[in-house]
Amino acid sequence: MDLLLFGIQGSGKGTQAKRLAAAFHFDIFEAGGELRKIAASGSPLGATVKSYIDNGKLVPHGIIMQVVREAVMMRPKGQRILFDGIPRDGDQKKDFDAVMREAGRDFRAIHLLLDPEEGVQRILGRAKVEGRADDANEETIRHRMRTFVSQTIPVIESYKREGKVIEVEGKRSVEEVYEVLEKVVRNL
Ligand code: AMP
């Protein structure tokens, strides 16, 4: 069973994804990370991708969907995947679900719940450590969060109606949140 991890920026999603992946042998597909790699490649495609990331905007549909499709299709079925940051809007959900169906992969989703204002504060703290340009600008962060609320929350709601979502409170220490996640994933 594959896993989708949802959570607003700053919810601790990336950190928890790494821990879960190590414990349960998931391969992580981190949409933002994959796109940052393309942005850094220096190609014309990279320049396009970079301009979206720097503005905190969703990269065009065709680009991200091709990346995720290839990532899914190249992995053997026995290799579990943890998806971080995809799908992020209704169109991506439609195509993502189709790719997963085609690959014969079943999945559940976890939503790490966090108040957006708490997320902004956590990211502004983290930017100093990791040095990500799109994390240093408060307006860009707020734009990404508005996109999450307006585009990604409806995706989560829709998976909820399909009975695929487990909600986990994210406003606690990394350790405490992980303890809950570990139990949830063990019982998937
Ligand atoms: P993240 O690392 O998840 O905060 O994503 C950083 C940036 O990568 C976002 O602000 C978008 O520009 C881009 N990005 C990440 N995931 C997606 C996606 N599923 N669709 C489009 N753009 C994405």
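Q: In which sense do β1 and β4 pair?
A: In this predicted model, β1 and β4 are joined over six bridges. The sense in which β1 and β4 pair is parallel.

Q: Over how many bridges do β1 and β3 pair?
A: Within this pairing, Leu3 stands opposite Leu82 of β3. The sense of the pairing between β1 and β3 is parallel, and the number of bridges is three.

Q: What is the order of the strands in the open sheet?
A: The sheet holds five strands with parallel pairing. Its edge strands, each pairing on one side only, are β2 and β5 (165–169). Neighbouring strands are turned against each other by 20° on average, direction ignored. The order is β2-β3-β1-β4-β5.

Q: Which residue of β3 is the bridge partner of Glu30?
A: β2 and β3 pair in the parallel sense over four bridges. For Glu30, the bridge partner in β3 is Asp84.

Q: Are the residues of β1 that point either way from the strand buried or exposed?
A: In a regular strand, side chains alternate between the two faces of the sheet. From β1, Asp2, Leu4 and Phe6 point one way, while Leu3, Leu5 and Gly7 point the other way. β1 is mostly covered, with six of its six residues counted in this class. The residues on both sides are buried.

Q: At about what angle does helix α1 run to β3?
A: Helix α1 (residues 13–24) lies across β1 (2–7), β2, β3 and β4 (107–113). Its direction relative to β3 is at about 175°.

Q: What angle does the direction of α5 make with that of β4?
A: Helix α5 (residues 90–103) packs on the sheet, where it touches β1, β3 and β4. The angle between the directions of α5 and β4 is about 140°.

Q: Are α2 and α3 oblique or roughly parallel to each other?
A: Helix α2 (residues 31–39) and helix α3 (residues 44–54) have axes 7 Å apart and pack at an angle of about 130°. Roughly parallel applies to angles under 35 degrees and roughly antiparallel to those over 145. With this angle, α2 and α3 are therefore oblique.

Q: How many nonpolar residues does the contact of α2 with α3 have?
A: α2 passes α3 in a left-handed crossing. From α2 the contact takes Leu35, Arg36, Ile38 and Ala39, and from α3 it takes Leu45, Gly46, Val49, Lys50 and Ile53. One residue of the contact is polar, two are charged, and the number that are nonpolar is six.

Q: Which elements are included in what covers the buried residues of α2?
A: The buried residues of this helix are Ala31, Gly33, Leu35, Ile38 and Ala39. Their cover includes β2 (27–30), α3, α4 (61–73) and β3 (81–84).

Q: Are α4 and α5 roughly parallel or roughly antiparallel to each other?
A: The axes of α4 and α5 are 10 Å apart, and the two helices pack at an angle of about 20°. Angles under 35 degrees count as roughly parallel. α4 and α5 are therefore roughly parallel.

Q: How many charged residues are in the contact of α4 with α5?
A: α4 passes α5 in a right-handed crossing. The α4 side of the contact consists of His61, Ile64, Met65, Val68, Arg69, Val72 and Met73, which meet Asp91, Gln92, Asp95, Phe96, Val99, Met100, Glu102 and Ala103 in α5. Nine of the contact residues are nonpolar, two are polar, and the number that are charged is four.

Q: Is Gln9 buried or exposed?
A: Gln9 is found in the loop between β1 and α1. Beyond residues up to four places away in sequence, Gln9 touches Arg88, Gly119, Ile123, Arg144, Met145 and Phe148. Its relative accessibility is 10% and the cut-off is under 20%. Gln9 therefore counts as buried.

Q: What separates the C-alpha atoms of Val165 and Ile141?
A: Val165 has its place in strand β5, and at 18% relative accessibility it counts as buried. Leaving aside neighbours within four places in sequence, Val165 is in contact with Ala109, His111, Ile156, Tyr159 and Lys160. Ile141 is 24 residues from Val165 along the chain, and their C-alpha atoms are separated by 25 Å.

Key: Residues numbered from 1 in each chain as written. Predicted model: local features only at pLDDT ≥ 70, side-chain atom pairs only at ≥ 80, totals over all residues. Heavy atoms only, no water. Axes fitted to C-alpha atoms, helices over the stretch in contact; angles between N-to-C directions. Parallel < 35°, antiparallel > 145°, perpendicular 65-115°, else oblique. Left-handed = near helix turned anticlockwise from the far one by under 90°. Contact = heavy atoms within 4.5 Å. Nonpolar A, V, L, I, M, F, W, Y, C, P; charged D, E, K, R; others polar. Buried < 20%, exposed > 50% of the residue type's maximum accessible area, 1.4 Å probe, protein only. Pairing = 2+ DSSP bridges.
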